[in-house]
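Me: I have a model open and want a quick walk through its contacts and packing. Can we start with the charged pairs?

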Amino acid sequence: MPVPQAAALDLLVRALEEDEALEEASVSASVIDVVTGEEILDHRAGTALTPASSNKLLTAWAALSLLGPEHALETSTVLDGETLTLVGGGDVLLAADEGDPTATAGRAGLGDLARQTAEALRSQGVTGVSLRLDDTLFSGPTWNEAWEAGNEAWVSGVQPIMVDVSAYHGQGGYPSDPALHAAQTFADHLREAGVSVQGSITRAAAADSAATVASVSSAPLADVLSLSLRTSDNSMTEVQGHLVAAAAGESADFEGAARAVLAQLGQDGFDTAGVTLLDSSGLAKGNKVPARLLAQVVGRAAGDQGGEVGRTLLAALPVGALDGTLDDRFLDTAAAGTVRAKTGSLDQTVSLSGVVTTADRRLLAFAVVVDGFAEGGLTAARAALDEHLMVPLAGCGCQG
């Protein structure tokens, strides 16, 4: 299993740069041999460019490292006198009614929580409550000012409780206030279960003296990441960033998420010099990340030191010509089934970061970011990336 020669890889990336679709674009690329950890391609790999959704790899690593693959999120109800509070714990995949214990999206159900709550209340002789929503786990604005107008179709407001936000992915139409929508859904089920809800839903933190009434739990983080990374769901990833911030003791807002993700990466030994993070998902064009850092993250994940965090991260990535955001790429090529990677797409940026097994059966970690091509050129730029770099890399012996 020979290691590809740097000169051969350099020819591939230079052919990519010379494609007319990438005129005026900047290219940053890094290829790392997973077994040795040696970087065998450094094509401006330390230059920080807009990573698009490859940014999600940084959030995913930080979340897995800090919280753990088995980490689950609890949505609960607590009672203080005649005030029942619905407490959002970060689960934004809640089923509107019954949960499905075999599912990732919809593992926990608001209808189930309402019925469990109603049963517990009736056992205490309570038949009517005022309802409060506690969505204070997150702070700050729900919308990131670094996102351009028009992105409302690609990301929801970021709040710690929502009815299955993944159902809106690629379609838009997110509720204007997802947390309140979830509370209203819960209230409807509570009434159906025989408990009256008096007045309007209010918002406030649950009282310290409130007693837990009922709770439901999400799927584990490993399963949630598998869904969010395969589909490149921006809303889910922004929530994950806020959860990292909360667990790290940072403010659970966009700025706190960026600080917490970078701090966790640094604690885990990654060099984050030159990185600018404005969000967790990669929607912000102001994000700047070197290809080398992205390649090092997937290289660590794929190597002997990746551990459970690395195995979980790699398993969550789409596979070329098979699933997720790579299901229609690399069809009938050497890269089909041999590339496992996170995609990234903005109107003037395309990226790909993951692992590939070459024709010589060598496992390589790679990241390539192409930034600054002409508006409207995304499809052509993505095709150039696949044609000039990824397919030849998967199919090459690259020994000269």
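Reply: The cut-off first: a salt bridge here is a side-chain nitrogen of Lys or Arg within 4 Å of a carboxyl oxygen of Asp or Glu. Glutamate 148 and lysine 285 meet that rule, at 3.5 Å from N to O. Keep in mind that this is a predicted model.

Me: Where do glutamate 148 and lysine 285 lie?

Reply: Both are in loops. Glutamate 148 is in the one between strand 6 (128–134) and helix 4 (178–192), and lysine 285 is in the one between helix 7 and strand 10 (289–290), so the pair ties together parts 137 residues apart in sequence. Glutamate 148 is partly exposed at 40% relative accessibility. Lysine 285 is partly exposed too, at 28%.

Me: How many salt bridges in total, by this rule?

Reply: The count is 17. Another of them joins lysine 288 to aspartate 371, at 4.0 Å from N to O. Lysine 288 sits in the loop between helix 7 and strand 10, and aspartate 371 in strand 13, so this pair links parts 83 residues apart in sequence.

Me: Is aspartate 371 buried or exposed?

Reply: Buried, with a relative accessible area of 14%.

Me: What does arginine 292 pair with?

Reply: Aspartate 42, with the closest N and O atoms 3.0 Å apart. Arginine 292 is in helix 8 and aspartate 42 is in strand 2 (residues 39–43), so the bridge ties together parts 250 residues apart in sequence. Arginine 292 is partly exposed at 24%. Aspartate 42 is also partly exposed, at 47%.

Me: Which residues are in a network with that pair?

Reply: Glu39 joins Asp42 and Arg292 in a network of salt bridges.

Me: OK, switching to packing. What's in the largest nonpolar core?

Reply: It has 41 residues, and those with the most contacts inside it are Leu58, Trp61, Val297 and Leu313. Helices 2, 5 (221–231), 6 (234–248), 7 (254–267), 8 (291–302) and 9, plus strand 13, each supply at least two residues.

Me: Which element gives the most to this core?

Reply: Helix 8, with eight residues.

Me: And what does leucine 58 touch?

Reply: Leaving out residues up to four places away in sequence, leucine 58 touches Val261, Leu265, Leu277, Val289, Leu293, Leu294 and Val297. There is also a second, separate core of 34 residues, which includes Leu9, Val368, Phe373 and Met390.

Me: Tell me about helix 7. What does its buried side pack against?

Reply: Its buried residues pack against helix 2, helix 6 and helix 8. Those residues are Phe254, Gly256, Ala257, Ala258, Ala260, Val261, Gln264 and Leu265. Helix 7 has 14 residues and reaches 20 Å from its first C-alpha to its last, close to the 20 Å expected.

Me: What caps its N-terminal end?

Reply: Aspartate 253 does, with a side-chain oxygen 3.4 Å from the backbone nitrogen of glutamate 255. Just after helix 7, glycine 269 takes a positive phi of about 95°.

Me: Where is the kink in helix 10?

Reply: It is centred on aspartate 386, and is about 35°. Helix 10 (residues 378–395) has 18 residues and spans 24 Å from its first C-alpha to its last, close to the 26 Å expected. Aspartate 386 is among the buried residues of this helix. What covers those buried residues includes helix 1 (6–17), strand 11 (339–346), strand 12 (349–357) and strand 13 (363–371).

Me: Last one. Why does serine 53 count as buried?

Reply: Because its relative accessibility is 10%, and buried means under 20%. Serine 53 is in the loop between strand 3 (48–49) and helix 2 (56–67). Its side chain makes a polar contact with the side chain of serine 232, at 3.2 Å. Other residues that serine 53 touches include Asn234, Lys342 and Thr343.

Technical notes:
Residues are numbered from 1 along each chain as its sequence is written. This is a predicted model: local features need pLDDT of at least 70, side-chain atom pairs count only at pLDDT 80 or more; totals for chains, interfaces and linings use all residues. Side-chain values use heavy atoms; hydrogens and water are left out. Helices (H or I, at least four residues) and strands (E, at least two) are DSSP runs, numbered from the N terminus. The expected span of a helix is 1.5 Å times one less than its number of residues. The bend at a residue is the angle between axes fitted to the seven residues ending there and the seven starting there. Buried means under 20% relative accessible area, exposed over 50%, partly exposed in between (1.4 Å probe, protein chains only). Contact means heavy atoms within 4.5 Å. A polar contact is a pair of N or O atoms within 3.5 Å; within protein, one must be able to donate a hydrogen and the other to accept it, and residues adjacent in sequence count only if both atoms are side-chain atoms. A nonpolar core is a set of buried Ala, Val, Leu, Ile, Met, Phe, Trp, Tyr and Cys residues joined through side-chain atoms within 4.5 Å.
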